[in-house]
Amino acid sequence: QTPLLGMSQSFVAVVSVAVLTQLFWFFGIHGGNVMAPVMEGVFGVALLANMEAQQAGEAIPYIWTNVSYGAFVWYATLGLLIAIFWKSRNSHYREVAKLGITPVMFNIGEPVMYGLPTVLNSIMFIPFLLSPAVMTTISYFATKWHLVSPVTQNVTWVMPPVLYGFFSTGFDWRAIVLSLVNIAVATLIYLPFVKMADKEALDTSE
């Protein structure tokens, strides 16, 4: 398992898992369940090693764990909802955003995925994959370059964004900044596609 753990810490591996998870979700397949063997069997072991090292006062061995995705990546849908509230004039999108914002604040994205939908939505395909990939990139290198502490705590997956990163890094305030940056990045990535969806809805109604 040690070679697998080493391979899992490469940038390509970390981003690939994020993109593949989203790709499954786009086609209506539960990406988290499909990728669970990798998440738990590899990245979950990395989390356990980090927790043990932190408790022993030793150097943290791994940059990325399964909780790192929850702490810094999986709330990309929040960026979509912010973009909708900010710029969308599409009544359906705004209504789904209103209904979906509370579940999304607890990392439950299915109401938006299937209500908007983002699943099988050709306009949202690019940002749906790109946002988590960029958020993963920013978070991976922020951790690698010691701009934020590695994840060393096992936090429940329904922990709200921003708090998730703060608690999972052992109360590192820089994780709050990183989380806010990631939300802003996701919002900016989704923004032009939300406008595009608005335009398509307007053209269709005419």
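Mentor: The answer starts with the model itself, then goes through the helix and its partners, and ends with the rest of the chain. This is a predicted model, in which local features need pLDDT of at least 70 and side-chain atom pairs count only at pLDDT 80 or more, while totals for chains, interfaces and linings use all residues. Residues are numbered from 1 along each chain as its sequence is written, and side-chain values use heavy atoms, with hydrogens and water left out.

The mean pLDDT (the predictor's confidence in each residue, from 0 to 100) is 93 for the protein, and 96% of the residues score at least 70. Helices here are DSSP runs of H or I with at least four residues, and strands are E runs of at least two, numbered from the N terminus. Where pLDDT is low, the predicted coordinates should not be read in detail.

The helix in question is α2, residues 11–26. Its axis and that of α4 (residues 36–56) come within 12 Å and cross at roughly 160°; axes are lines fitted to C-alpha atoms, for helices over the stretch in contact, and angles run from 0 to 180 degrees between N-to-C directions. That makes α2 roughly antiparallel to α4, where over 145 degrees counts as roughly antiparallel, under 35 as roughly parallel, 65 to 115 as roughly perpendicular and the rest as oblique. The crossing is left-handed, meaning that the near helix is turned anticlockwise from the far one by less than a right angle; clockwise would be right-handed. Val-14, Val-17 and Thr-21 of α2 are in contact (heavy atoms within 4.5 Å) with Val-38, Met-39 and Phe-43 of α4. These residues divide into 5 nonpolar, 1 polar and no charged, with Ala, Val, Leu, Ile, Met, Phe, Trp, Tyr, Cys and Pro taken as nonpolar, Asp, Glu, Lys and Arg as charged, and the others, Gly among them, as polar.

Against α9, helix α2 packs at about 155° with the axes 9 Å apart, and the two are therefore roughly antiparallel. This crossing is right-handed. On the α2 side the contact includes Phe-11, Val-14, Ala-18, Gln-22, Trp-25 and Phe-26, and on the α9 side Phe-125, Phe-128, Pro-132, Thr-136 and Phe-141. The residues of the contact divide into 15 nonpolar, 3 polar and no charged.

The structure holds 14 aromatic pairs, in which rings of Phe, Tyr and Trp (its six-membered ring) have centres within 6.5 Å; planes under 30 degrees apart count as stacked, over 60 as edge-to-face and the rest as tilted. One of the pairs is Phe-26 with Phe-128, whose ring centres are 6.3 Å apart and whose planes meet at 50°, so it is tilted. Phe-26 sits in α2 and Phe-128 in α9, 102 residues apart.

Most residues other than glycine have a negative phi, and most peptide bonds are trans. Asn-107 has a positive phi of about 65° although it is not a glycine, and it lies in the loop between α7 and α8. Leu-116 and Pro-117 are joined by a cis peptide bond with omega about -10°; Pro-117 is in the loop between α8 (110–115) and α9.
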